[in-house]
Amino acid sequence: MAELLKGKRALVTGSASGIGAAIVAEFVAQGASVFGVDKNPSSHQPSIQFDLADVAALPELVASAEKSIGEIDILVNCAGMAIGELIPDLSWEAYDKRSEEHTSELQSHVRISYAVFCLKK
């Protein structure tokens, strides 16, 4: 796996804690450059404090990330969201709908072929 991430550039939302912070740590350990995004301050550098609900500012966010680490290869959208249901009870249709709602705006500003979406319990 180390060869897959070496030299890659990743934008990771929800990077300050939990799954997002673990992903950042592993990507960096595997040789990727990571730009973290979170509503709360993060010790990871480079990173930015940003609320993803501010859809109008997403192009500026992506531009900041690309200025810092270069063109984004990987988008990991790990920012928290309220599902309102237990994950085992969530239908695939509901999961797809929430996933699309939560990631489509950000993905539309990043030139990548694949994005990862994480759910927090």
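Among contacts in the chain between residues at least 6 apart in sequence, what percentage join residues at least 24 apart? Hi everyone, let's start there: the figure is 63%. Please keep in mind that we are looking at a predicted model.

First, the overview. The chain has 121 residues, and buried ones make up 37% of them. There are 4 helices and 5 strands. If you walk along from the N terminus, the order of the elements reads α-β-α-β-β-α-β-α-β.

How many of the residues in β1 are buried? The count is 4 of 5, so to speak a mostly covered strand. On one side, β1 is joined to β2, residues 33-38, by 5 bridges, and the two strands run parallel. You can follow the pairing residue by residue. Thr-13 stands opposite Val-37 in β2, and Thr-13 also stands opposite Asn-77 in β4. Leu-11, meanwhile, has Leu-75 as its bridge partner in β4.

Stay with β4 for a moment, residues 74-77. Both of its faces are covered: Ile-74 and Val-76 are buried on one side, and Leu-75 and Asn-77 are buried on the other.

How does the chain get from β1 to β2? Going back to that parallel pair with its 5 bridges, the chain crosses from β1 through α2 to β2, and this β-α-β crossover is right-handed.

That brings us to α2 itself, residues 18-29. With 12 residues at 1.5 Å a residue, the helix should span 16 Å; its end C-alpha atoms are 17 Å apart, which agrees. Which residues of α2 are buried? They are Gly-20, Ile-23, Val-24 and Phe-27. Seen down the helix axis, the buried residues of α2 fall within an arc of 100 degrees, so they line one face. Here is the background to that: an α-helix has 3.6 residues a turn, so residues three or four places apart point the same way. On the other side of α2, Gly-18 and Ala-29 are exposed. Just after the helix comes Gly-31, with a positive phi of about 100 degrees.

Next, the inside of the model. As a general point, nonpolar side chains in soluble globular proteins tend to be buried together. In this model, the largest nonpolar core has 13 residues, and those touching the most other members are Leu-11, Phe-35, Val-37, Phe-50, Leu-52 and Leu-61. Which elements give two or more residues to this core? Those are β2 and α3. The largest share, 4 residues, comes from α3. There is also a second, separate core of 11 residues, and Leu-5, Val-24, Phe-27 and Ile-74 are among them.

Last stop: Val-62, which sits in helix α3, residues 58-69. Is Val-62 buried or exposed? Its relative accessibility is 3%, so Val-62 counts as buried, given that the cut-off for buried is under 20%. Val-62 and Phe-35 are 27 residues apart along the chain, and their C-alpha atoms are separated by 9.7 Å.

Methods. Residues are numbered from 1 along each chain as its sequence is written. This is a predicted model: local features need pLDDT of at least 70, side-chain atom pairs count only at pLDDT 80 or more; totals for chains, interfaces and linings use all residues. Side-chain values use heavy atoms; hydrogens and water are left out. Buried means under 20% relative accessible area, exposed over 50%, partly exposed in between (1.4 Å probe, protein chains only). The expected span of a helix is 1.5 Å times one less than its number of residues. The arc is that of the directions from the helix axis to the C-beta atoms. Two strands pair if DSSP finds at least two bridges between them. A crossover is right-handed if, with the strands pointing away from the viewer, the path from the first strand over the helix to the second runs clockwise. A nonpolar core is a set of buried Ala, Val, Leu, Ile, Met, Phe, Trp, Tyr and Cys residues joined through side-chain atoms within 4.5 Å. Contact means heavy atoms within 4.5 Å.
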